[in-house]
Amino acid sequence: QVQLVESGGGLVQAGGSLRLSCAASGRFFSTYAMGWFRQAPGKEREFVATIGRSGSRAYYADSVKGRFTISRDNAKNTVYLQMNSLKPEDTAVYYCAATAPGTNYNVPDYWGQGTQVTVSS
């Protein structure tokens, strides 16, 4: 069983920055693609960013491209999401996700419990 625990959420003013962290259990970490999704009130969960197993490839939703950066440290079993130039529309619960080899990163196998990010205007 894989466990993912997010941290780093909070309240920030528009234009500010936050860094989310996701700590993963188990020896699998370096074999899984990792990603971040978010869900705003009244909306469906949406893709934010994903990073490949080695960290050499990353993909972003258009809405966060140029502002957010995903990274990972396989030695620490941790994935990060650096969020800069935050906007009120970034307000959401952010979820860490792990995708097994051979599956679509948009359909993760494991989810964290989520961390709230609130951006005030």
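1. Start with the disulfide (a pair of cysteine sulfur atoms within 2.5 Å): Cys-22 is joined to Cys-96, with 2.1 Å from S to S. The structure holds one disulfide. Cys-22 sits in strand E3 and Cys-96 in strand E9, so the pair ties together parts that are 74 residues apart in sequence. Strands here are DSSP runs of E, at least two residues long, numbered from the N terminus. The link is left-handed, with -80° about the S-S bond. Both Cys-22 and Cys-96 are buried, meaning under 20% relative accessible area with a 1.4 Å probe, protein chains only.

2. A word on the source: this is a predicted model, where local features need pLDDT of at least 70, side-chain atom pairs count only at pLDDT 80 or more, and totals for chains, interfaces and linings use all residues. Residues are numbered from 1 along each chain as its sequence is written, and side-chain values use heavy atoms, leaving out hydrogens and water.

3. Now look inside. In soluble globular proteins, nonpolar side chains tend to be buried together.

4. Leaving aside neighbours within four places in sequence, Met-83 is in contact (heavy atoms within 4.5 Å) with residues including Leu-18, Leu-20, Phe-68, Tyr-94 and Val-117.

Key: Helices (H or I, at least four residues) and strands (E, at least two) are DSSP runs, numbered from the N terminus. Buried means under 20% relative accessible area, exposed over 50%, partly exposed in between (1.4 Å probe, protein chains only).
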